[in-house]
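I opened this model to take some notes.

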Amino acid sequence: RIFLRLTIFISILLQLCRCEDINYHDLKEDDSYEDYDYYDDNYDTFEDSSIIITEKPVYSNGFIVNNVKNDIIIKNKLIDGNYIDTISKNYGCLLRKDSLIANSEITNNTNEISKSEHEKKLIESCNNNEYNDTNSVNDTNINDNSTNCIKKKLNFREIQQEKLNQQRELKQLKEKIKPRYLLGSNCETLVCGSCKSNIEEFSKLIVKSINDIKIQSIDQLFDGFCNSRELTLRYDNIVSDICYTVFNNGNDNQQFILNYFESQSNWQNLLSKQILYDNQKYICTMIGACDSTSYHLQLIPRNKYEDHWDNKCFICQAFAYNLEERVQLARYLTEKTILPVVMETCDRLNLEKEYDDICREMISGTLVDDIAWLAKVNDEGIEKKLKSEKKFSDTLCEQIKYCEKYLDPEEIKQIEAEEEIEIMLF
């Protein structure tokens with residue numbers, strides 16, 4: 001009897017439990033989900049939503065990696081062909097080959113011109129019958145067609161005075177044909193500097209967007225980058241023009257840059273000095289905005305005018321070249337805002353410690369104010385298209401005593417000869 005009662009009681013409990021279970025899952029047919037495995041994979045559905053869920057792999061910092069196209073070949077180098085000529089016309093810069101002047105040719109031309117000028121004066125004097133003493137001991141025959149002229153005899157004082165006049169004439173002629181450098185960097189340097197500026201600003205944008213939930217992939221950052229405030233307000237128009245050429249949608253340059261940045265292992269460190277320098281050098285060289293000379297640190301004299309340079313002078317020259325390029329690419333700088341540009345120059349050069357110490361020494365103490373002032377004056381001269389007898393690098397380094405002025409041995413002899421003659425005369 002007891003067993004029978006237990007059996008009945010258990011069957012009633014089972015019936016009650018079955019009824020509650022049915023009521024709990026008694027859903028309408030329209031609200032049911034057919035695929036419960038979808039939730040097992042932790043996915044969500046967003047019907048009629050603008051957010052696109054992709055199955056592309058994602059790095060830990062949030063950027064989606066696009067399909068990388070390997071072996072991108074850059075067909076057209078920026079500093080080759082017609083493009084660099086267009087930059088020259090639009091921005092009034094000189095090509096590298098046109099900005100270099102052979103001083104040896106200048107010296108030879110000076111000697112030839114001075115000789116011809118002196119002979120011309122003698123011929124004119126002959127025609128005016130100024131030399132008419134045929135018994136002269138110091139005879140010099142000058143032929144002008146059929147006209148023969150014999151120089152009259154001069155006393156010692158007159159001979160010395162004539163030598164002094166000839167030397168002064170030669171000096172004046174040399175001054176007239178001295179090389180005049182158009183202030184500012186050449187076109188190739190500006191194109192390379194513009195590329196480096198674009199890579200720097202794009203790296204800043206990547207680091208800034210790492211935690212931005214609206215930015216899923218790096219290629220989204222291309223949109224509007226060349227027209228961004230960071231470029232248009234901070235840099236001159238040439239930087240934006242290079243940007244449109246390099247980051248233009250669909251070209252090989254853009255795809256190459258995208259592949260390169262997506263292959264980076266740690267985007268948070270893109271702005272570290274070494275990584276930024278390496279990225280700028282690699283990208284800008286590969287797309288043809290820079291060449292091998294753009295990153296070459298010169299430490300060996302190239303001609304007789306540099307034979308007396310030491311390491312301090314070479315580092316100063318590199319410093320000045322980089323500073324002039326950066327200042328020229330800036331939109332607008334005052335004496336106050338130019339100081340940070342000066343202070344960042346050593347970082348941009350990324351020198352070895354031995355040379356970096358020399359560079360840091362330049363931007364310490366009162367020298368940094370002198371450098372900033374010289375850079376500002378040079379920048380004003382660039383805007384006015386002025387020319388100078390010296391390049392900015394020579395002017396700056398000689399002013400701050402990091403380079404010694406070149407003295408031509410012939411000029412030294414001439415100065416000594418003039419001093420000797422003046423002593424005799426007076």
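**Entry 1: Arg326.** I looked up Arg326 and found it in helix H12, residues 311-329. Helices here are DSSP runs of H or I with at least four residues, strands are runs of E with at least two, and both are numbered from the N terminus. The model is predicted, so local features need pLDDT of at least 70 and side-chain atom pairs count only at pLDDT 80 or more, while totals for chains, interfaces and linings use all residues. Residues are numbered from 1 along each chain as its sequence is written, and side-chain values use heavy atoms, with hydrogens and water left out.

Is Arg326 buried or exposed? I noted it as buried, because its relative accessible area is 10%. Buried means under 20% relative accessible area, exposed over 50%, and partly exposed in between, with a 1.4 Å probe and protein chains only.

I then checked the partners of Arg326. Leaving aside neighbours within four places in sequence, Arg326 is in contact (heavy atoms within 4.5 Å) with Ser197, Glu200, Arg234, Tyr235, Val341 and Arg348. The side chains of Arg326 and Glu200 are joined by a polar contact of 3.0 Å. Such a contact is a pair of N or O atoms within 3.5 Å; within protein, one must be able to donate a hydrogen and the other to accept it, and residues adjacent in sequence count only if both atoms are side-chain atoms.

**Entry 2: H7 and H11.** I turned to a helix pair. Helix H7 (residues 187-209) packs with helix H11 (residues 273-286) at about 130 degrees, and their axes are 9 Å apart. Axes are lines fitted to C-alpha atoms, for helices over the stretch in contact, and angles run from 0 to 180 degrees between N-to-C directions. H7 supplies Cys195, Lys196, Ile199, Glu200 and Ser203 to the contact, and H11 supplies Leu276, Gln280, Ile283 and Cys284.

**Entry 3: H9.** I listed the buried residues of helix H9 (residues 237-246): Ile238, Val239, Ser240, Ile242, Cys243 and Val246. They pack against helix H3 (82-91), H7, helix H8 (229-232), helix H10 (252-262) and H12.

**Entry 4: Glu404.** I found Glu404 in the loop between helix H17 (392-399) and helix H18 (409-425). Glu404 is exposed, with a relative accessible area of 60%. Glu404 and Trp309 lie 95 residues apart in sequence but 7.4 Å apart in space, C-alpha to C-alpha.

**Entry 5: the chain.** The protein chain has 18 helices and four strands. Of its 426 residues, 38% count as buried.
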